[in-house]
Amino acid sequence: QKKNKEAEILKILSSIDDFVLGELGIDMPRGGAERVFQIWSDEIQTRLDPSYFRPIFKMLDKIFSTTKYNVKTLKNLSTKITSGSTPLSGGDAYTDKSDGVAFLRSGDINPDNEIDFDNLNYVKKEIHNKKLKGSQLEKGDLLIALIGATIGQVSVYNTNREANISQNLASVRLRDDVYPEYVKEFLLSKFGQMELDRIKRYAARANINLDEVGSLQVIYPSKDKQNKMVGKIRKIRAKAAELRQEAESIVAGAEKQIEQMILA
């Protein structure tokens with residue numbers, strides 16, 4: 001039963017992608033992992049790595065140039081893009097939950113905007129207010145993982161609780177005419193993830209820098225359409241969360257029955 005629920009959850013969540021791309025009229029580029037291709041020297045701007053210029057990625061540019069909706073970079077849609085700094089592990093910058101400020105790392109964010117405040121690191125308030133003053137979070141900030149296993153993960157900080165971020169997270173404070181939830185769903189779509197994949201720098205650990213975050217292009221319709229799209233997606237995610245809870249309850253009930261059988 002749990003496996004059936006999980007399969008249903010995946011199906012429901014995948015419908016978000018189809019919905020976003022369908023509403024924006026995006027046909028996903030198709031192509032293989034080209035091993036050999038060429039570009040002209042005047043096409044090269046700031047990037048020299050070959051992955052950035054793969055033909056399938058260049059198809060993104062065509063879609064951006066032909067869409068009927070507005071297109072702007074995150075830099076032009078935001079008032080602030082920043083990342084934090086991580087104090088030395090085991091240093092005196094850290095404290096406990098009762099006396100500190102939540103400190104988010106890349107693995108602490110998810111598409112459901114849920115933050116497990118019981119399992120975070122906490123920094124002292126003087127660190128939050130001085131050394132990390134520039135990366136203090138506000139409700140509605142868009143969060144993007146810049147490095148590590150969760151690179152490309154996107155979330156929205158959806159609470160008024162004080163918090164800060166490590167250097168592995170980017171915080172994007174958007175203008176009033178753009179819904180953070182909409183931008184999150186756009187970047188989480190197959191199209192948005194392809195765009196994020198394009199700007200990754202492949203080294204020992206793939207990474208994205210803040211300039212590249214600012215260069216990400218976003219197709220954004222009117223605020224009214226953004227609102228309607230976000231409302232539909234929230235209902236889809238709520239249904240998935242409900243099924244997830246049901247799946248967990250099924251397992252918990254089965255474990256309790258087995259325990260009773262053993263003890264009987």
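These legends describe close-up views of a predicted model.

**View 1. The largest pocket and its lining.** The largest pocket has a volume of about 440 Å³. Its lining is made up of 19 residues. Nearest the centre of the pocket lie Q45, R47, Y52, D61 and R198. Of the residues in the lining, nine are charged, six are nonpolar and four are polar.

**View 2. Helices around the largest pocket.** Three helices each give at least two residues to the lining of the largest pocket: α2 (55–66), α6 (190–199) and α7 (210–215). Which of them gives the most? α2 does, with four residues.

**View 3. The largest nonpolar core.** This core holds 47 residues. L74, I144, F186, L187 and F191 have the most contacts inside it. Helix α1, residues 2–24, gives the most to this core, supplying seven residues.

**View 4. The surroundings of L74.** What does L74 touch, once neighbours within four places in sequence are left aside? Its contacts include I81, I144, V172, L174 and V183. L187, V213, G214, L216 and V218 are also in contact with L74. Two of these partners, I144 and L187, are listed with L74 among the residues with the most contacts inside the largest nonpolar core.

**View 5. The four-stranded sheet.** The strands of this open sheet run in the order β3-β5-β4-β8. Their pairing is mixed. Which strands stand at the edges? They are β3 (94–95) and β8 (163–165). Each has a single partner strand, so one side of each has no neighbour in the sheet.

**View 6. The pairing of β4 and β5.** These two strands pair in the antiparallel sense. Four bridges join them. In one of the bridges, F103 is partnered by N121 of β5. β4 covers residues 100–104 and β5 covers residues 121–124.

**View 7. N113 in the loop between β4 and β5.** N113 is found in the loop that lies between these two strands. Is N113 buried or exposed? N113 counts as buried because its relative accessibility is 12%, under the 20% cut-off. The phi of N113 is near 60°. That is a positive value in a residue other than glycine. Most residues other than glycine have a negative phi.

Notes:
Residues are numbered from 1 along each chain as its sequence is written. This is a predicted model: local features need pLDDT of at least 70, side-chain atom pairs count only at pLDDT 80 or more; totals for chains, interfaces and linings use all residues. Side-chain values use heavy atoms; hydrogens and water are left out. Buried means under 20% relative accessible area, exposed over 50%, partly exposed in between (1.4 Å probe, protein chains only). On a 1 Å grid over the protein atoms alone, a cavity is a set of points where a 1.4 Å probe fits but cannot get out, and a pocket is an open set with protein on both sides within 12 Å along at least five of seven lines; lining residues have an atom within 4 Å of a point. Grid points are joined across faces, edges and corners, and a volume is the space filled by probe spheres set on the points. Ala, Val, Leu, Ile, Met, Phe, Trp, Tyr, Cys and Pro count as nonpolar, Asp, Glu, Lys and Arg as charged, and the others, Gly among them, as polar. A nonpolar core is a set of buried Ala, Val, Leu, Ile, Met, Phe, Trp, Tyr and Cys residues joined through side-chain atoms within 4.5 Å. Contact means heavy atoms within 4.5 Å. Two strands pair if DSSP finds at least two bridges between them.
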